[in-house]
Amino acid sequence: MSLLRQRKPTGTSNATESDPNICQEDEKKNKAASKDKNPKKQKSWSCIDSCCWLIGWICVTWWFLLFLYNAIPTSFNQYVTEAITGPVPDPPGVKLKKEGLTVKHPVVFVPGIVTGGLELWEGHQCADGLFRKRLWGGTFGEVYKRPLCWVEHMSLDNETGLDPSGIRVRPVSGLVAADYFAPGYFVWAVLIANLANIGYEEKNMYMAAYDWRLSFQNTEVRDQTLSRIKSNIELMVATNGGKKAVIIPHSMGVLYFLHFMKWVEAPAPMGGGGGPDWCAKHIKAVMNIGGPFLGVPKAVAGLFSAEAKDVAVARAITPGFLDHDLFPHQTLQHLMRMTRTWDSTMSMIPKGGDTIWGGLDWSPEECHSPSRKRQIANDTQIANENGSEVVVSQIKHVNYGRVISFGKDVVDAPSSEIERIDFRVRLSFLEVVDAFKGQSVANSTCSEVWTEYHEMGYGGIKAVAEFKAYTAGLIIDLLHFVAPKMMARGDAHFSYGIAENLDNPEYQHYKYWSNPLETTLPTAPDMEIYSLYGVGLPTERAYVYKLTSAECGIPFQIDTSADDEDSCLKDGVYSVDGDETVPVLSAGFMCAKGWRGKTRFNPSGIRTYIREYDHSPPANLLEGRGTLSGNHVDIMGNFALIEDIIRVAAGATGEDLGGNQVYSDIFKCLEIKVLIDLGERPSPHQCIFLPRSLGGWPDNQMPDLML
């Protein structure tokens, strides 16, 4: 019988029919393949996820860097830096100790605004567990843990400017009050360490800490801070062999100590009753660091819209984040509500009005070029009549006198072409408030965040924008209009004008004591006054604003879309030379002109010196904030400044330091001229101070300031 081979089925259908198990296996494989091809749809990525990852990344990075900071030997940074840049110079204290300098005069530090620590002594239920914990300074942990509670306790009473009911926040005492603002961010620590190198210690160094939120006179009313400073200086002078003290104020502390020098010699109860020679007996020198003697435009932006350049740029990059999404609360509205209760902020509103800061068509400064190379590149050499070459700047002239302008077109337009609704002429500001107050701006979504803009009607807000341009003199009226409660308190404690007759008894009131244009220096001919500040950094001077459709409280914003490199306009902010906070005009004017020699503001002829420190950024990241910085705060670690201070504390005079050290055009811009012909208009490139918006002073009424 022949063998027949059965051919294996090759078709799928035949296989399926012959073996059903094969079909089931194929179906399972097909399902598995389909699952691989169609994975389960993932949850969409949200903005909250991005924020959480970003915060987590920042925290992990910070913890890692903190670990390295504590684990790596302290000499490692110096070793790497020396390997890259060469040997690092000795710190000033070490250098001067080798020269034989030792302790001589006791030293008093006067911190500025926001750099001094504040701690809680009494609070509401939300602040349980925070007794004597820092609410300001340190890690700022409570800002993130309980932000609304923190804002509530950092705010002062909006009527009195003092403590709200049931809350007591007080300044930290001792050198630790302001040595570091936050972990790793020094303020006074570097200067203290260098003074310690030549022998100083806490018995001859004193931190005059105070609650920087209060008006200057209220620090005495509530805490007797001025009396404590007086007693401590007297004690230090007595225990150091009668050697007078060297006072070192920084930032707003400069204005605070100016107030102190008038208070300490004024009779009680308004003053300290020290007598007219107290300063002459107890003070060798006042070395002011970054002093805003005539105020800062930055304070105007902070009070008007709770922002400055950095905040405005951040808001432009992340729209809505600062307005609504943080914590989630209306961040800037809470910030405005809090800071407008701090009376001290009003001490830094620009002083001297249009006379000092300029009018609609002129200003004393030229544009600040970000780099000297760029400035040279923008200059042109031309031959004059004698054949010699002179340099003419091609930088576009800017009217910095317009501190606030609504719209870029308003900034560039001549004043004669600006159509303004001048309601100041028709009505007093109180009448304007009544005329324009209408429907409240507040609504149900943000009614809990109260600001004084809530009480202004839309008509009042629109009227502010339609006025178009505000000079320094008009800024005071503007703030009275948009923040009447704040300015009502401010009028009782501060003044912003120029005294025509300092013998008038009204100038004996404490509200004038922190304005160098409305008060006199003490009668102390042997005392010295220094103005130490940084230059070479773009510093906020004027702003371009826009009216927004914001529904929650702040209807005005810096217009970050306004840019013009030819006129130093960037992100809606005009810049001039300074230390990034205080313009040269404010920091240097009094020592360069107002107090130089015997003037009506300096009747005893106290010697004044200007020491400018040209900014130089750190060469590498290992240098941290650098030793040649001219920044408003970082200058506290500037080796040249520290050396000057130590030499004076050890007995040197201003002449021993070499007199004035000037890099800016402060003296050039103080070649003050007076326009006798009222029809003459100042040249754009002249440094001319007009005493009144309509023209110069009559010859027989010219104040000493103009001589």
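Predicted model: local features only at pLDDT ≥ 70, side-chain atom pairs only at ≥ 80, totals over all residues.

1. Residues are numbered from 1 along each chain as its sequence is written, and side-chain values use heavy atoms, with hydrogens and water left out.

2. The structure holds 1 disulfide (a pair of cysteine sulfur atoms within 2.5 Å). C126 and C149 form it, with their sulfur atoms 2.1 Å apart. The link is right-handed, with 80° about the S-S bond. It joins distant parts of the chain, 23 residues apart: C126 sits in the loop between β2 (118-122) and β3 (134-136), and C149 in helix α7 (residues 147-154). Helices (H or I, at least four residues) and strands (E, at least two) are DSSP runs, numbered from the N terminus.

3. Are the two partners buried or partly exposed? C126 counts as partly exposed because its relative accessibility is 30%, whereas C149 is buried at 9%.

4. Do have a look at helix α3 (residues 47-71), where W62 is found. W62 is partly exposed, with a relative accessible area of 48%. Together with V60, W63 and L66, W62 makes a nonpolar surface patch of about 460 Å². Patches here are made of residues with over 30% relative accessible area and no salt bridge, with like charges joined within 9 Å and nonpolar side chains (Val, Leu, Ile, Met, Phe, Trp, Tyr) within 5 Å. A salt bridge is a side-chain nitrogen of Lys or Arg within 4 Å of a carboxyl oxygen of Asp or Glu. The areas come from the Shrake-Rupley method.

5. R600 lies in the loop between α25 (584-594) and β19 (607-614). R600 is buried, given its relative accessible area of 14%. Its side chain reaches the backbone oxygen of A499 at 2.5 Å.

6. β19 is mostly covered, with 6 of its 8 residues buried. Strand β14 (residues 528-535) pairs with β19 in the parallel sense over 8 bridges; pairing requires that DSSP finds at least two bridges. I529 stands opposite T608 in β19.

How values were computed. Areas by Shrake-Rupley, 256 points an atom, 1.4 Å probe, with all protein chains shown as cover. Buried < 20%, exposed > 50% of the residue type's maximum accessible area, 1.4 Å probe, protein only. Polar contact = N/O pair within 3.5 Å; in protein donor to acceptor, adjacent residues only side chain to side chain.
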